[in-house]
Each structure stands twice: as structure tokens, then as C-alpha cells.
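User: Please walk me through the contact between the two chains. Here is the model.

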Amino acid sequence: MDFLHKLRPYHLDVLKEIGNIGAAHAATALSELLNKQIDMSVPDVRLVSFQDLPEQVGGADTEVAAIFLRVEGEAPGSMFFISKIEDMEQLVRHLTKNKSFQLKQPPYDELGLSAFQEVGNILAGSYLSSFSDFTKLMLQPSVPGFSVDMTGAILSYGLIPLSEVGDYAIVIDTEIRELNREKAHVSGHFFYLPDPDSFEVIFAALGVETNE
Amino acid sequence: MNEVIKVGMADLNVVTPPDTIRTSGLGSCVGVILYDEVTLISGMAHVMLPSSALCKQATPNPAKYADTAIPALIKKLESKGAKIFSLKAKLAGGAQMFSFSTGNDMMRIGPRNVEAVKEKLNELRIPILAEDVGGKSGRTIEFNPLSKKLQIRTVNQGTKEI
């Protein structure tokens with residue numbers, strides 16, 4: 001990826017700020033939805049090889065609950081919300097008041113699943129709309145898909161557009177978690193993986209020089 | 001001591017008995033196993049994309065594409081003493097992890113990967129003895145050159161051998 005050779009630390013800082021704004025809105029939205037205090041980490045922006053990415057999220061064959069959606073519009077990309085299966089179960093149980101909701105063995109409860117998907121909609125929608133306001137770029141989330149499966153299998157899907165140009169991904173990773181961690185807590189990772197051609201668009205929209 | 005050789009995403013490697021070879025979390029990617037029936041020298045490639053014609057990279061990674069990974073794996077097997085005429089193949093992977101109403105070509109990448117791998121193996125006259133492809137679930141696979149069996153673990157569906 002030619003672009004990666006031109007990447008400077010301040011470019012990563014810009015991406016970090018995008019992650020910050022996006023995740024802050026997503027955390028607020030989740031907090032309102034659950035009526036709980038949600039905290040978020042400082043976003044981590046890194047350049048990782050495909051081999052290393054699943055390892056950083058707990059291993060390629062660790063089972064997780066994930067929401068995946070495509071970002072469509074001027075700066076396309078992929079977005080994931082990945083959390084532990086138990087955490088996602090807690091979240092859905094809280095929302096639907098269905099104490100027996102489980103994601104360990106299909107078939108899953110339909111209503112619970114649509115709540116799961118709705119969480120994805122709300123998180124991604126608030127992340128993207130703030131990102132869109134900030135950059136003035138037109139961006140829309142696709143309908144979210146969900147899966148309970150191995151991390152590697154899920155993440156590799158979002159890596160396909162990037163894999164056509166290189167072996168590295170720029171990952172904007174933000175962790176969100178419930179503040180009160182004594183009892184049931186919810187935590188998860190937000191990944192935003194812009195497509196290769198989107199970086200120049202994002203930087204141009206923010207007035208950051210990429211050609212020097 | 002038996003070792004497990006790991007193969008990452010867009011990666012390939014070879015193994016000799018009694019070691020085994022494994023790749024974790026195959027989604028739309030395809031795991032291709034080639035093994036020499038006589039010498040038991042075996043190899044695995046974790047293919048991500050169907051064709052290197054899509055490549056926009058200056059120095060492409062051959063292990064990433066179906067059409068380049070198989071020849072690269074054969075070359076590596078031959079350098080260890082395997083013979084192309086005694087090679088057999090087994091495949092797993094190529095799932096469709098997410099289903100969307102909008103039919104985007106990227107979403108069909110799993111089936112396209114499987115087709116491309118089969119096409120290449122057919123062109124090279126390498127018989128496919130077993131396969132476990134498609135579906136909606138990720139797979140972790142491990143090949144044992146001694147038993148010539150491929151163990152496949154799928155979330156919620158347990159483990160099987162082909």
C-alpha cells in the first residue's frame with residue numbers, strides 16, 4: 001500500500017481523533033439506551049498485519065459476538081462491534097427483559113436478535129453521524145449483520161477490501177465498557193477499518209496534507 | 001514432541017510427520033491442504049482472495065490468492081521432496097459469514113474463493129479427496145499428515161474429520 005509509506009504520526013493522531021469523537025457519541029447512545037454509565041478508552045490507532053489482528057482481539061478462534069456493517073458513501077469502510085458472548089447476552093437481556101436469552105447455541109430468540117442488531121444500528125449510526133459531521137463527508141451505515149463465531153473468521157471479512165492492496169490494516173479501535181463493573185458489565189471493541197482509498201478522502205476532508 | 005505448525009491469514013507452510021499443521025478462524029477464506037500420499041510431506045495455504053488479477057500491490061503476497069498460493073505451495077512441497085503427481089488435496093472454508101439483502105460482490109467472496117481454488121487444482125490435475133466448504137460458520141482446521149485426516153472445528157457444530 002503506497003499510502004502507508006506516506007503515513008506520518010500526525011495522520012494517526014487525526015484518525016485517533018475520529019475514533020474519539022465517534023466512540024464518544026456511540027458510548028453516549030449506548031448509555032441512554034441502557035440507562036447505565038458507559039465509559040470509553042482512548043482510541044488506539046495502529047497499523048497491523050492481517051496475521052496479527054485476530055491475535056490482538058483474543059485469538060483467531062476465540063468465539064465472540066459481532067456486529068458487522070459496511071460504511072457506504074464518500075469514504076467506505078467496514079465497521080465491527082465485537083464483544084464477549086456473555087457480555088452481549090447481558091446487554092440483550094437487559095434490553096428485552098428476557099432473562100433466558102442466550103447466544104451460545106442456536107436457534108437464538110428472534111426478538112433478542114433484533115435487539116442485538118438494533119444495538120449495532122445505534123452504535124454505528126451515532127459513531128458515523130458524528131464522524132460525518134466532523135468531516136462533512138456523506139456516510140451511511142448498511143443494515144448490520146451479526147454473527148457469533150470465531151474472531152478470525154469475522155474480522156477477515158472486513159479485511160477483504162484492504163487485502164486487495166496490501167497486507168496491513170489501519171485499525172481504529174475503541175473499547176467501551178460499563179462503569180459499574182461489580183455486577184453484570186458490558187464491554188466491547190469498536191473497530192473501524194477504512195477502505196484503502198478512503199484515507200486520502202478522510203484526510204483531504206480534514207485539510208490534512210498527504211502528498212509531501 | 002509433536003509440533004503444531006501454524007498458518008496465518010494469507011500465509012502458507014509445509015509440515016512433515018509427526019507434526020501437524022493448523023489454521024484458525026477461517027471465514028470466507030479457504031484452507032487448502034496438499035499432501036504427498038507417499039512421502040506424507042504436507043502443506044497448507046490460507047487463501048483470502050480468488051485471483052491475483054485483482055491485486056493492486058507492487059509486490060504481491062502469493063499466499064493470499066487462490067491462483068498463486070497453490071503453485072507457491074507446490075513449489076515449497078517439492079523443495080522438501082514431495083512429488084507433484086502424488087499430491088492430493090483437501091479443502092475447507094469459504095463460508096458466507098454475514099448475509100445482507102444488498103447483493104454486493106464482496107459478500108460472495110467465500111463461494112468465489114472455493115471456485116477459484118477448485119479451478120486451479122483441476123488445472124494442475126490434483127484430485128480433491130475431501131471438502132467441507134460453504135455454510136455460514138467459521139472453521140478451525142488441523143491436518144495430520146500421518147492419518148491424512150483433516151480435523152475441522154466449527155462453532156456450535158463440534159468437531160469432525162474428513
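User: How many residue pairs are in polar contact across the interface of chain A and chain B?

Analyst: This is a predicted model, where local features need pLDDT of at least 70, side-chain atom pairs count only at pLDDT 80 or more, and totals for chains, interfaces and linings use all residues. Side-chain values use heavy atoms, without hydrogens and water. A polar contact is a pair of N or O atoms within 3.5 Å; within protein, one must be able to donate a hydrogen and the other to accept it, and residues adjacent in sequence count only if both atoms are side-chain atoms. Across the interface of chain A and chain B, with both residues at pLDDT 80 or more, the number of such pairs is 6.

User: Which element gives the most residues to the side of chain A that touches chain B?

Analyst: β3 (63-73), β6 (145-150) and α6 (151-163) of chain A each supply at least two residues there. Helices (H or I, at least four residues) and strands (E, at least two) are DSSP runs, numbered from the N terminus. With 9 residues, the top contributor is α6(A).

User: Which residue of chain B forms a salt bridge with A:E63?

Analyst: A salt bridge needs a side-chain nitrogen of Lys or Arg within 4 Å of a carboxyl oxygen of Asp or Glu. Chain A and chain B share 2 salt bridges. For A:E63, the closest N and O atoms are 3.3 Å apart, and the partner is B:R153.

User: How many residues does chain B bring to the contact?

Analyst: Contact means heavy atoms within 4.5 Å. Chain A brings 35 residues, and chain B brings 36.

Key: Residues are numbered from 1 along each chain as its sequence is written. Chains are lettered from A and ligands numbered from 1 in the order in which they are written.
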